[in-house]
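Here is a walk through a structure with several chains, taken one step at a time. Have the picture open while you read.

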Amino acid sequence: MLELLERIPFPQQLDRIVIFTGLVAGALVTPIAIVLLALLIFDEITAAEVVFWLAAAVIILGALGAVLLPNIVHATLSLVIALLGVAGIFLLLGSEFLALVQVLIYGGGVTVLLLFGLMLTNAGDDPKVTDGAQKPFAFLVGILLAGVVGVALVDQDWAKTEVAVAPFTTLGERLFRDFGAPFEIASLVLIVALIGAVAVARRDRDEDDDTVEEGESS
Amino acid sequence: MNFEYALLIPEFILAGAAAVVLLADAFRRDLGISRRLIPAIAALGALAAGIASLFYADRSTDFAGLIGVDDYTLFFRVLFTVTVLVVILGSLEFVERNIRHQGEFYALLLVSTIGAIYMAGARELLTAYISIELLSFSLYVAVSLAKDDRRSGEAGLKYVLLGGVASAMLLYGLSLIYGAAGTTSYEGIAAALGDSAVQGSPVLLIGLAFLVGGLGFKASAVPFHMWTPDAYEGAPLPVTAYIAATSKAATFALLLRLFGTGLLPVQDDWQWMLATLSVATMVTGNLIALVQTNIKRLLAYSSIGQVGFMLMAVTTVSDASGSALLLHLAGYLVTNLAVFIAVIAVYNRIGSERIEDFRGLAETQPYLALVITTGLFSLSGMPLLAGFVTKFFIFQAAAEEGFLWLSGVAVIMSTVSLYYYLKVIRMMYVVAPAEGEEGRWRPSLIAYGVTGVLFIGIFVVGLWAAPVLEVADDASAVLFG
Amino acid sequence: MSDIPIENFLVLSAVLFGIGFYGVLARRSAILILVSVELMLAATTINMVAFAAYFDHEAFTGVIFAIFIITVAAAEVGLALGIVLRIFRERRTAYVDDASELKW
């Protein structure tokens, strides 16, 4: 088991990265948390709002880190933080199940996948990335997009309703009965992704070439 | 709700055939199966699915309000199963030489056909979205499966990254429309949006813009077409043919059903977007095609130009333009496949995609030169051929709906397209073959058969469109009738 | 449950989407473009779940939609990484700009 671990090209700076990221994230979020707590104590805002603003701060900071940090590993870890913040938002919206799924799939699966991708492509050796020259343009587009969509969303006269908690039974019925057919299609999507990733990434010398095969088999 | 899974039998057959193909390929040596058997299984599966779908003729029922099993779906079930059958049969030799992992290749083609069919059949946004992803995922992989061709992986990478961005945009649009309408079923959306309070609101407009952008990407409409030439050039030829045929047609099937039913009440909000896209696509696609030297890139830009004409039909959505679009899709599929299968047969011989290397084809292989010429003439809209009739109906329907200027642009661009098609034709007929390549050669028997059938098909649609138009009318009546 | 207006969630999602879009345009590494796409998809799921929680109290379609989006997003990362690996093996790079045999 240990031998296997040693063979994985794990960049040595990873532990330092984790500590460093944690420190930076803490340093950024702590003041926000303190302000929010103060507001809560003075009864300016409710507990739910504290959670919302905290989660929002985590998401935005994480997202900014994911797109701005020059180090590719840092950026990926920053994405994880943002996506865990999204899980908090799901909790506020009454979807415990989704929050759970978000943590499991993003915190677990996708992150490991992305980090493995980084290591297999040796990005760990040279983690600095240069961004394209179109950065100012991209910045403008991003701001414009967020601004226009945000203003339109605030402008809309949404009905004043309360958050409803999605009961597990309802979700189960909807997912497995009403949306049975899309569920089956989604399973095909997963199969395609699985087979596709293997078929594309497999080395060519494993190719099942009949002539080579006959000579080598046994 | 009606949970009759039997309604989905044609797709079960396709999925089953894909599974059998995969297993047969994996255990080929243990079972002692010949390599030739794998495409045979795939072709049989496609054929069986096509025949099975005919049992659902004249039915207007649905699966749980998610998937309509009506004449519209039937039309595309038959169209897509025939397309995949043609691609499988027409590319046997090519696949054997130039594709890694043949079992996976055929299985992906079959599975992606399921996605394409449900894009046409979906009556609900979630089903439509997941079907789009099924088709796209299969294509991302299929594009990257070429053997010994570095362009293939690169094309796959660009396709998957841009496709992911487009999916995200599409989803954001869908989420805003869901928010505005409160439901995801097309009928529910139509009912909710009929209420004038939401119409023209910025949220809805932005949602529609994202939706049009995302779907425009899948249909490769300008300015969302960047991936198309690269994916077309990098992909193995049969995959290029398949993207040009099924992926386009499926996107338009989805567009027509969504915009023709669910979003019809807010027509004023999206009509100008589609009209703009249509003009931009027609003009850009046809003009850039003029300078291409690679036959795949030429066909890519020509197909972008064609997308402009199809967008025109969705823009002017009406009963007439609906059936005109279906007829055009059928004619376009037949024509495009004829050209591509013939080009594949030529490629098998000369091993090059450069238009230059097609020189003197009329002398060395007059039959394939004739098929390519007929197909290209049909694409440009020459009389007697499929392209003329189908385009005529679209232009007429657009003019009737008050979009005469759009028809005018389309006619001009059709004429422009003739120029670059003629470049290819000139290379084949006027220029002499290269030194040492003067001898006659013959394509495989199956290439003769497939191109022959498609060749006749071009003339059938061109000269005797009435029966096809009748079927298209029935299908379109489901939406507008 | 809470008295937070829906606009808060929607604006948060809009900002997240904008950041993701910026990343897509600005980044040149294939993996970082994927990261940015994940941000955009996360914005979409927030939207979907918010609309479901506030306006769709019987059906909760948005929550189901979010489940599908998360599934597809995870599958997409896997598939895209497979392709990135192939490119990397062929030319030792994971940069989009270095993969430029095909002219735009």
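Before anything else, one term: two residues are in contact if their C-beta atoms, placed from the backbone, lie within 7 Å. Keep in mind, too, that this is a predicted model.

With that in hand, look at where chain B meets chain A. Here 32 residues of chain B are in contact with 22 residues of chain A. On the chain B side, the elements that give two or more residues are helix 6 (102-121), helix 7 (125-143) and helix 10. Helix 7 of chain B has the largest share, with 10 residues. Sorted by class, this side of chain B comes to 22 nonpolar, 7 polar and 3 charged residues.

Now for chain B as a whole. Chain B holds 21 helices and 2 strands, and its C-alpha trace spans about 75 × 55 × 40 Å along the principal axes. Buried residues make up 67% of the 481 residues in chain B. As for contacts within chain B between residues at least 6 apart in sequence, 81% of them join residues at least 24 apart.

Next, turn to chain A and its meeting with chain C. There, 76 residues of chain A are in contact with 63 residues of chain C. Several elements of chain A give two or more residues to this side, among them helix 3 (47-68), helix 4 (72-92) and helix 6 (135-155). Helix 6 of chain A gives the most, with 12 residues. The class count for this side of chain A is 55 nonpolar, 16 polar and 5 charged residues.

Helix 6 of chain A deserves a look of its own. Which of its residues are buried? They are Ala138(A), Gly142(A), Leu145(A), Ala146(A), Val149(A) and Leu153(A). Seen down the axis of helix 6 of chain A, these buried residues fall within an arc of 90 degrees, so they line one face of the helix. What do they pack against? The partners are helix 10 (202-219) of chain B together with helix 1 (6-26) of chain C. On the other side of helix 6 of chain A, Pro136(A), Leu144(A) and Asp155(A) are exposed.

Methods: Residues numbered from 1 in each chain as written. Chains lettered and ligands numbered in written order. Predicted model: local features only at pLDDT ≥ 70, side-chain atom pairs only at ≥ 80, totals over all residues. Helix = DSSP H or I, 4+ residues; strand = E, 2+ residues; numbered from the N terminus. Nonpolar A, V, L, I, M, F, W, Y, C, P; charged D, E, K, R; others polar. Buried ≥ 20, exposed ≤ 12 C-beta atoms within 10 Å, placed from the backbone. Arc of directions from axis to C-beta.
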